[in-house]
Amino acid sequence: MNGRAFLFYGEENLKALEQNRLKQLEEIIERGKKTFVEVGLALLEIRDKRLYKESHSSFDSYCRERWGYSRQYGHQLMAAAEVSSMLDISNPRQAYELAPLVKADEQEAVKIWRDLKEEYGDKVTAGLIRRTVKNRIERIKREEGRKAPSDIEPPRNTSYRIDNIDFREIEIASGSVDLILTDPPYPKEFIPLWSDLSKFAARILKPGRLLIAYAGQTWLPEYIKGLSESLTYHWCGSVVTEGRHTVIHGRKVWTRSKPLLIFSNGKYNGPWIEDTIYSPGAEKEGHEWQQSERPAREIIEKLTGPGDLIVEPFLGSGTTILAATKAGRRSIGCDVDKNAVNIALGRLQNEPL
Ligand SMILES: C[S@@+](CC[C@H](N)C(=O)[O-])C[C@H]1O[C@@H](n2cnc3c(N)ncnc32)[C@H](O)[C@@H]1O
């Protein structure tokens, strides 16, 4: 046997040994994955029946001192175990990601898990579940907010007016508005809103004034089509966010900018426009879709004068109204979601204006 043949034989042997070891190790992991359900369910029973109370003052201290589990890890194990025993999921991370939806709407969680398995089979990942669950929970919250009756008392005698109402029903005098600065919802089901927004804007804007809308990229051609129904396309600017990229998985894009669609009511007759604005990054304390205040303030100060009227028909946490008020402009905002209106009013009352 020459040296080369020996080396070849050795490599083959090594490969077999490695494969064998991999199999043994994977069996250990497989067993571990099954026991996580048992561990989580055991913790749940200990917590619910307060079986720890003889030796520990709280369940968290029991987890920490007896098992070395942080509070978060203990709760993750329990949440994952509950979901796994219900939906037959053997992967703890996947089960954990589904847990918030199980809490919010059990039937919906079952449906989403079934749909994901059908569409992606074994390729379902914890990350995919997390994104799907996040979107679904946001939608549930929006629907709940829409159903809740309004019991809000907005303050009187301010330079802003906020209504808990659909923008298609709000009362604003025709031809009275100097700027619409807005951030409509981006998901596909909201595309028809963009043509309603176009009609609304054409009615309330003064001739030659602008509607500026933050926009997502995924359905951009549809938004442009909708807005073009009653307004004139003027330009597409962008807000560039300093700091981290956002990852758009569906399109395989890392992005740090957002389009600003600029449409005029007839021929534009305002000042020069700078089309790129820099934003200090995410401010999401008020609303999951909250925009930063700085770009709004910059747009308002460049395109309007003191006392001018600005409208935001998709109020959210009230960023546009806050920026307008700080800049000494009058403003009107509305939102169908009572929670959003409450958040906006809270921000307006708590921030120094
Ligand atoms: C993208 S968010 C706005 C976020 C806002 N820019 C901020 O900084 O918080 C869109 C808002 O539009 C609201 N909305 C959706 N449909 C609406 C409608 N027909 N009339 C009024 N508001 C609506 C949603 O409830 C949501 O709060």
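1. Ala, Val, Leu, Ile, Met, Phe, Trp, Tyr, Cys and Pro count here as nonpolar, Asp, Glu, Lys and Arg as charged, and the others, Gly among them, as polar. By these classes, the shell around the ligand has nine nonpolar, seven polar and five charged residues. Of the 21 residues around the ligand, Asp183, Phe314, Gly316, Ser317 and Thr319 come nearest, where a residue is near a molecule if its C-beta atom, placed from the backbone, lies within 6 Å of it.

2. A word on the origin of the structure: this is a predicted model, in which local features need pLDDT of at least 70 and side-chain atom pairs count only at pLDDT 80 or more, while totals for chains, interfaces and linings use all residues. Residues are numbered from 1 along each chain as its sequence is written.

3. The protein chain contains 11 helices and 10 strands, which are DSSP runs numbered from the N terminus (helices are H or I with at least four residues, strands are E with at least two). Of its 353 residues, 31% count as buried, and a residue is buried if 20 or more other C-beta atoms lie within 10 Å of its own, exposed if 12 or fewer, and partly exposed in between, with C-beta atoms placed from the backbone.

4. Which residues have the most contacts inside the largest nonpolar core? They are Ala201, Leu211, Ile300 and Ala344, in a core of 49 residues; such a core is a set of buried Ala, Val, Leu, Ile, Met, Phe, Trp, Tyr and Cys residues joined through C-beta atoms within 7 Å. A second, separate core of 21 residues includes Leu77, Ala81, Ile89 and Ile112. In soluble globular proteins, nonpolar side chains tend to be buried together.

5. Leaving aside neighbours within four places in sequence, Leu211 is in contact with Ile180, Ala201, Leu205, Leu231 and Phe263, where contact means that the C-beta atoms of two residues, placed from the backbone, lie within 7 Å.

6. Eight strands form an open sheet with mixed pairing, in the order E1-E10-E9-E2-E3-E7-E4-E8, and two strands pair if DSSP finds at least two bridges between them. At the edges are strand E1 (160–163) and strand E8 (276–279), each of which pairs on one side only.

7. Strand E10 (residues 330–334) pairs with E1 in the parallel sense over four bridges; Tyr160 stands opposite Ser331 in E10, and Ile162 has Gly333 as its bridge partner there. Four bridges also join E9 to E10, which run parallel, with Ile310 partnered by Ser331 and Leu309 by Arg330. E10 is mostly covered, since four of its five residues are buried.

8. On E9, Leu309 and Val311 point one way and Ile310 and Glu312 the other way, yet all are buried. E2 and E9 run parallel and are joined by two bridges, and Ile180 stands opposite Val311 in E9.

9. Helix H10 (residues 319–326) lies across E1, strand E2 (177–182), strand E9 (309–312) and E10, running at about 170° to E10; here axes are lines fitted to C-alpha atoms, for helices over the stretch in contact, and angles run from 0 to 180 degrees between N-to-C directions.
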